[in-house]
Each structure stands twice: as C-alpha cells, then as structure tokens.
Amino acid sequence: MGKLLSSPKLLVIAIAAIVALLVSVGGGALGASFGLGFLGGPIPFISIPAERVAYIGSYPLLNSTIMFWFGGIILLFVAWRAGRNVKDVPSGWQNFMEAIYEFFSGTVDGVAGGGAKSGRRFLALVSTIFMVVVIINWVGILPGVGSVGRIETIDEWVHHHIHAVEEAERESHPDYSDKQIHQLALIHLLEEHGNDTFVAFDGNFIPLGQGEQARVPLHNIVTFTDKELDDLAKKVKNDEDVSDDPVYERIEHDIHEGVVKDVFTYDEGGSNETEYNFTGQTAGLLVPYLRGASTDINTTLAIAIVAMFTVQLWGFRALGVRGYGGKFLVNPIKQGPIATFVGILEAFGELTRTISFTFRLFGNMFAGEILLIAMAFLLPLIGIIPFMGLELFVGVIQAYIFAMLTLVFGVMAVASHGDHDSHAGGH
Amino acid sequence: MDALGITVQQLLTQLVSFLILFFMLYKLAYGPIMGMLDSRAQKIKESLEAAETARLEAASSAERVEAEIAQARVEGQKIVVEARDAASKLREQEQGRARGEVESMLERARTEIAREKEAAVEEVRKEFAGLAITAAERIVEGTLDAESHSGLIDKVLEEGLSERKN
C-alpha cells in the first residue's frame, strides 16, 4: 500500500481501474436496477440458426459462412507465406507452421503406436482440422462479431418465420387453399410468438442506456387479442375470406408498420412494475453481420462429417472391405447373435460420434458467445476481458479435442479385428 | 432440423469450403513443409552418421600417429645410446693409442738418452785417457815410454771409472 501511494503512476492506474469498475457496475445490468444502466443496450436476440445477411442471387449468405471464409483466408495466407519458399533453416511463418506440423507429427506417431511415420496417414487431416477449428473459433470472438448488425423489421421477421408455419399447416390441412394456409399461419404465428420481445429503437441505432427495458413484446407492436385471433381462425376454417376483415387488416397494417403501439408494463417479477413508453419507435431484431462459424451447426456438422467419413475411408483402406465391414456386419450364425448386436451398436457408434463431434464444438462455442454477451451486459467495458481470454483458451482446447478424437477414431478404425480380439482375450 | 438451422444448402457450402481449405492447405503448406521436414530429418541422420565415421577415423589415425611417435622415440633412444657407446669406445681407443705413443716416445727418448750418455762417457773416457796420457807424458817425458806404461794407466783409469760408477 505504501508503495502504491508513493508511486504516482501506480496510483493513477489504480484509480483508473477503480473508476472503470464503478462505471461498469453502474452502467451494466446491476446499475440498471437503480435507474442507471447507461451502458446497457438491449440484449441481442439469441438465435441458434445462423442469420441470413444477404442474398447472392437466390443463395442466402449466412453471417457464419462469411466468418468461415474469413478465417479460411487468414489460414491460407499464413500457409502460403509459410510454404512458398521452404528452407532447411526455417524463418518467419515457416517456423510457425513447422511447429504445428511437427507437434502433430509427433502426436499422430505416438497415438498410432510408435514407429516413425506410423501415423503419417492421419497427419494431414488431423492438423488441418485443428488449424481450421482454431482459426474459426478465434475469428468468431473478435469484437464486433455477433454485436454489429442490421435491424430486421417486424415485416421481415414475419416473412422469415411464416414459412415453417405454413409448411406445418399445409400438412395438417391439405385441402386448404394457399391463401387460407397463409392467413392461418399468420394467426398461429402471432398466437405462438405474441410474447416474444423486440427491440425498440429510433430507426437508426439501438440506444445505449435503455437496457433490458427496451424490449417490447410483439403484442404491443401488433395489437390483437386472443379472442380476435380465435374468431379469425374460425372464419378462415369456415372458408370465409378474411382479407377485408377489419381485424385482419389491422394486423397486416401493424406488421407492415412495425412500430410500438402503446405504453406497456414490463413484469420484473414481484410488485416492481414500471410503465415504459416507447410509443412510435420502430421495433425489430438485431441481425449480426458476422457470426463465428463454429456457432453454426452447419459448420460443425460439415467438419464432423468430413472427419468421420475419412475415418471410414482409413478403416476400409487399412483392413479392406471385408475386414473393416466385418466390424459392423457380423454373421449371427458363425459368431453368435451377441456379436451381431455388438456390430450393429458399433455402426450406430460411428453415427453417434458424428453427432457428438457436431454438438461438442457447437455447444462450447455457442455457449462462449452467449457468455461474452452476458458479461458485456453485466459488467460492460471490463467484464468481458477475462472471458475473452477464457474463450481464446476454449477455442484451442475444442480444436485440439476435435483433432485428437478424429485421430483416436482413425487409429481405432485401422486396428484390425484380430488385434482387438487377442487384446480382449488377454483379460 | 429447422430449429437448429441445419439446411442442405448451408451444410454443402461449409462442406465444400472445408474441403477446398483442406486441399489448399495441403498444397500450400502441408506438402512442402512435410517434404522439407522429412528431407531435413534424412539429412540430419546422414550427417550424424558421417560425423560418427569421421570421429572413428580420427580416433584410429590418432592412435596410429601415437604408435608411430612411440616407435620413433624408442628408435631415437636407441640411436642416442649407440652413438654414446661409439663415442666412448672411440675415446677409449684414442686414449689408449695416445698413451702407447707417449710411452713409446718416452721409451725411445730414454734409450736415446742412455745411448747418448754411454757415448758421452766413452768419449769422456777416451778424452780423459788421452789427457791423462798427455799429462803423464809431460810429467814423465823421457822417462817413460808410452808403450810400456800405457797398460798401467789403463788399469788405473779402469779402477777410477768403476769407483765412480759405484
């Protein structure tokens, strides 16, 4: 303490740290309960599917795909710099890539059972998986990814979501006309999502300082009552045309306009109810322009499929079609029904591994993204710092797990059945 | 599937992207770097082996050189000893020769001296006898006849000489 007081530099740093902490606490979610919360924005809508940000022709470009390509370009650039002029005495990027390849070269040889180059066939895929997953994990937590985006209006939101409901309606009512299906779907969508909240904003920027309260339930934007919806649904089912019905017209108009209609109370639990007035403000959802590729199941599933498909290839190449296929399809007469059952389980195991690959990576990275968002709201400015470090670490660990599991499954696939039996017989 | 956002279109996009990435990485980095690593390992192995043979060779040649040096040393010592022996032999020989010469010279000188002395004595005797005769002649001139008294004088001289000798 004495040292702290005697050194003005340290004192200034300490005071700055304390001020930053106080500002963070006051500006964050905790301060919002006391009427502060000046740094709090509305929590972004957390969506498991990745969002479309643009259309190339009719191809919807997802925000996660952009980050996948971005990470890929970085990786290719590093690889190009490292591999364009390899020298025996390495320098620069070559050092870096060499270190990765050497590390995995040792690892695959070790796991594959010892001898030099015994695991060479696994090396290319295992090291590539590691590097790709690391880079997409890391670019996914760059600041701005997941938090900068455009506003999707209520109109667009309905447009995106009604499709799935229409499909469902068409299945349960195959005899209805397209118009009926559309109207029914809209009614059901409102019934189902009436309490979903949207962000109120002035038309350009989502405001800082409104915090959690800037979220407006859908039924305050599109005004309807349950009874009105019920009546409408009955009319549609009775084959009546509701296009000119005043209630339906009002709903369509509200959706198109997409502004907050009235004052509402936000239930904070208990007796603490406050009225919020955002009347006239536009409502919508934040669609981030960028999103970490590993927080999109498509990406993780794609890598998992490549990994498990290659594992099967390794198995077939090492043991032949009969040898490797014999692990899954066992003759119940020759080797007994239990062996057959085990073989079927093994086949299911391969499928399960693909799925567990997919969700392990997706779950960890998606949870990390949400954790960062949550910390940005609990303790803006500083709360995110340690968790950024944690996410960098998790990014490497998950990539390593993905790569090593691919390697282990590969080694298991190329181990011949005889080895396995004699090993088991030893016990 | 819809709730998770899995669509065939996006799945294929990511699948193709990953495969492209894999092959590009293979071409750009994996191929060249692994090739270089293998060739470097080979090179290191070779140069280690070469170093080992060079070390063995150096050790064996050092051994050879040492043996040669030892042999040379032994030979040198032998030569020195031989030289020393020869030198001492020569010296002894020379010394013996010199001594013999000196002795013979002494011997010669001594005999010479003895001869000279005898000759001198003879001469002195002769001279003395002559002188004595002359003297006696003078004394007894006329009274004595040289021939009849010379025997007597010789006898006197003989006695005198032998007295001196003793």
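**Close-up views of a predicted model**

**View 1. Strands β4 and β5 of chain A pair side by side.** Strand β4 (residues 197-201) of chain A runs antiparallel to β5(A), and 3 bridges link the pair. To find one of these bridges, look for Val199(A), whose partner in β5(A) is Arg215(A). The model shown here and in the views below is a predicted one.

**View 2. Four strands of chain A make an open sheet.** Stepping back from that pair, we meet a sheet of 4 strands in chain A, ordered β3-β8-β4-β5, with antiparallel pairing. In general, the strands of a sheet are joined through backbone hydrogen bonds. Which strands stand at the edges? They are β3 (149-153) and β5 (215-217) of chain A; each has a single partner strand, so one of its sides has no neighbour in the sheet. From one strand to the next, the twist averages 55°.

**View 3. Helices α4 and α6 cross within chain A.** Helix α4 (residues 63-83) and helix α6 (residues 120-140), both of chain A, pack at about 120°, and their axes lie 9 Å apart. That angle makes α4(A) oblique to α6(A). The crossing of these two helices is right-handed. On the α4(A) side you will find Met67(A), Phe68(A), Phe70(A), Gly71(A), Ile74(A) and Leu75(A), which meet Met131(A), Val132(A), Ile135(A), Ile136(A) and Val139(A) of α6(A). Sorted by class, this contact has 10 nonpolar residues, 1 polar residue and no charged ones.

**View 4. A helix of chain A meets a helix of chain B.** In this view, helix α11 (residues 297-325) of chain A packs against helix α1 (residues 8-139) of chain B at an angle of about 55°, with 8 Å between their axes. The two helices, α11(A) and α1(B), are therefore oblique to each other. As α11(A) passes α1(B), the crossing is right-handed. Which residues make the contact? From α11(A) come Asn298(A), Thr299(A), Leu301(A), Ala302(A), Ile303(A), Ile305(A) and Val306(A), while α1(B) brings Gln10(B), Leu11(B), Gln14(B), Leu15(B), Phe18(B) and Leu19(B). By class, the contact of α11(A) with α1(B) holds 9 nonpolar and 4 polar residues, with no charged ones.

Note on methods
Residues are numbered from 1 along each chain as its sequence is written. Chains are lettered from A and ligands numbered from 1 in the order in which they are written. This is a predicted model: local features need pLDDT of at least 70, side-chain atom pairs count only at pLDDT 80 or more; totals for chains, interfaces and linings use all residues. Side-chain values use heavy atoms; hydrogens and water are left out. Axes are lines fitted to C-alpha atoms, for helices over the stretch in contact, and angles run from 0 to 180 degrees between N-to-C directions. Angles under 35 degrees count as roughly parallel, over 145 as roughly antiparallel, 65 to 115 as roughly perpendicular and the rest as oblique. A crossing is left-handed if the near helix is turned anticlockwise from the far one by less than a right angle, and right-handed if clockwise. Contact means heavy atoms within 4.5 Å. Ala, Val, Leu, Ile, Met, Phe, Trp, Tyr, Cys and Pro count as nonpolar, Asp, Glu, Lys and Arg as charged, and the others, Gly among them, as polar. Two strands pair if DSSP finds at least two bridges between them.
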